[in-house]
Amino acid sequence: METEKFLKILARQYPTERSVITELVNTQAILNLPKGTEHFITDIHGEYEQFTHVLRNGSGSIWQKIEDVFGNAETEDVKKDLATLIYYPSERLEYIRSRVKNIDNWYTVAIHRLVQMVKRVSSKYTRSHVRKMMSRDFAYIIEELITEKEELDDKKAYYNAIIHTVLSVGAAEQLIVAMCRLIQCLVIYRLHIIGDIYDRGPAPSMIMDVLMEHHSVDIQWGNHDIVWMGAAAGQRACIATVLRTSVHYHTMDVLEDAYGINLRPFVTFALRTYQGTDRERLHHAAVIMQYKLEGQLIKQYPEFGMERRRFLETIDAALATVTIDGKEWQLNSIDFPTIDSADPYKLSADEQEVMNRLVSSFVHCEKLQNHVRFLFENGSLYKVYNGNLLYHGCVPLAADGTFAQVNVFGKTCSGKALFDELERWARKGFFAKPGSKEKKKGEDILWYLWTGPYSPVFGKDRMTSFERVYVDDKTAHHETKNTYYNKLEDSSVIDAILTEFGLDTNSAHIVNGHVPQKVKKGETPIKCGGKLLIIDGGFASAYHETTGIAGYTLVSNSHGMKLVVHKKFESIQAAIFNQSDIISDTITVETFPSRRYMRDTEPGKEMQEHVANLEQLLEAYRAGTISPVSEL
């Protein structure tokens, strides 16, 4: 009965036998196209210029297509010029226009070359898919140019007339831009962001704008994304943390200029209340508010297991010491004017007023709310896609290497169930009814995800931001990583994780970021014989000295998987005017035994289910058990 009901619903979409056959033929054909190229990027940390360049060049994928099409038929200079045009069409055209005398000839040659490129990058897609990716204004023209054969005498005049007319009506540059953007879209089928878009770098909001315009993207939340998501939800400890990190990384302009967050009350309070340089005053004010608010949460939720981080009451101003984990540490400052020894975690009246204003600014910032809503709608704590498991940080493990048992509001969870339960609450923190208990608990889970000892996006026992500000002894700054990071080469543990998420241990990979790999010290991102790939190579400039490179990205096409090792990117301006691309090396991770097709992918599995349903509907039409909708 249920099957018949479903088939009748499907019949509304395919009301005749012929429409079913047409859809079956089309879907079966798509299943036999090569798998689309996937692009993996992690730990971007606000580095807009490097990110947008890597995105535009597909981590070298576009250059490879140029080599495939033109090879030795064109000089290196010609190919570099074409690559730069594809990466930055509008900017490059403006540069060319002022330097070329016969611009129409230049336009003609560029269009011919771009047509060849579009033909190449569209070869693994259906015409329908390519058409959807095209600019509406130029869809007809581009489709005619890439489907007609200019070398045939019968079509030569027709083909040339299209280009001549485009030139004569002054539309050459718009057409060139449209084709370049189409190439960028088609060269990458799916973009995976493995977390940490925010913090450190200068332009996370610009990166979010780019991602919101991308044709196919998913995001696995990182801890630095989570804390901004919590702040946007109105979680006060998250807001204080975002404020502290913005002061620490000199990125307060992201809050003020990019998002329009009013920081004047906070700055005025900090400069009036604390001592030291202006930046020190701002930092002290943010840190103390953060640890007061965190202390309140730790007391409210003993199941979080973070009682050891409630240490403000141990501060001895006379001795300038603080006791943490039973050990006394010397403080470099006793400038704590807002801490009341009788109730050290209570915000002062001034701090409360500052926080109230910040909460209002964060929750009413339309741009931030749109960005965070996009993160929720297109993101998750993990994703299983095309036989790979994607997450930012780790799968929390106990000391013996088994899945850690974690108490989430009275429910004990581990492994995949822990991810699912934490994500369920995180979504409530943003989407539940304002003022409800569920929203409050969800907001607080967002904070726990940022800094909790068994958070899958944090993966450490503590976050020592207080100690780093107030204790000079660096042994106090130590943060112990979760057992997961000691088991990266243990195949039994990695196989257990893959099995837990329903993946084949013989073919699947785990892809995560979070921990920069110190390449210059011999660390490799390829762990456990290639089953685990930690592709954080220090994309953010703050990590370049640590890692010795400027980031990894991962590319997976129908033939295999390769890591791309990036050198430091000079600038977008240099790329446009000097044609300086990112210098990258590649490391082959895996070459597939046979080429992979759409039928081998996640979308392909859905298509195969669709085919099975269509076959049932066709059989029902022919057996007369269901009449075509037009006859009902």
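This is a predicted model: local features need pLDDT of at least 70, side-chain atom pairs count only at pLDDT 80 or more; totals for chains, interfaces and linings use all residues.
**Exercise 1: helix α14**

Work out what end-to-end span helix α14 (residues 236-248) should have, and how it compares with the model. Then look at what covers the helix and what sits at its ends.

Solution. 
- Start with the length: α14 has 13 residues, and at 1.5 Å a residue it should span 18 Å. The end C-alpha atoms are 18 Å apart, so the model agrees with that expectation.
- Next, burial. Counting residues under 20% relative accessible area, you get eleven of the 13 as buried, so α14 is mostly covered. Among them are Arg244, along with Cys238, Thr241 and Ser246.
- Now the start of the helix: a side-chain oxygen of Gln235 comes to within 2.8 Å of the backbone nitrogen of Ala237.
- Finally, step just past the helix, where His250 has a positive phi of about 55 degrees.

**Exercise 2: the second largest pocket**

How much space lies in the second largest pocket, and which helix gives the largest share of its lining?

Solution. 
- Begin with the volume: the second largest pocket holds about 680 Å³ of space.
- Then find its middle. The pocket is lined by 24 residues, and Arg181, Gln184, Cys185, Val210 and Glu213 are the closest to its centre.
- Sort the lining by helix: α3 (48-57), α6 (89-97), α11 (172-187) and α12 (204-213) each give at least two residues. The largest share belongs to α11, with seven residues.

Technical notes. Residues are numbered from 1 along each chain as its sequence is written. Side-chain values use heavy atoms; hydrogens and water are left out. Helices (H or I, at least four residues) and strands (E, at least two) are DSSP runs, numbered from the N terminus. The expected span of a helix is 1.5 Å times one less than its number of residues. Buried means under 20% relative accessible area, exposed over 50%, partly exposed in between (1.4 Å probe, protein chains only). A polar contact is a pair of N or O atoms within 3.5 Å; within protein, one must be able to donate a hydrogen and the other to accept it, and residues adjacent in sequence count only if both atoms are side-chain atoms. On a 1 Å grid over the protein atoms alone, a cavity is a set of points where a 1.4 Å probe fits but cannot get out, and a pocket is an open set with protein on both sides within 12 Å along at least five of seven lines; lining residues have an atom within 4 Å of a point. Grid points are joined across faces, edges and corners, and a volume is the space filled by probe spheres set on the points.
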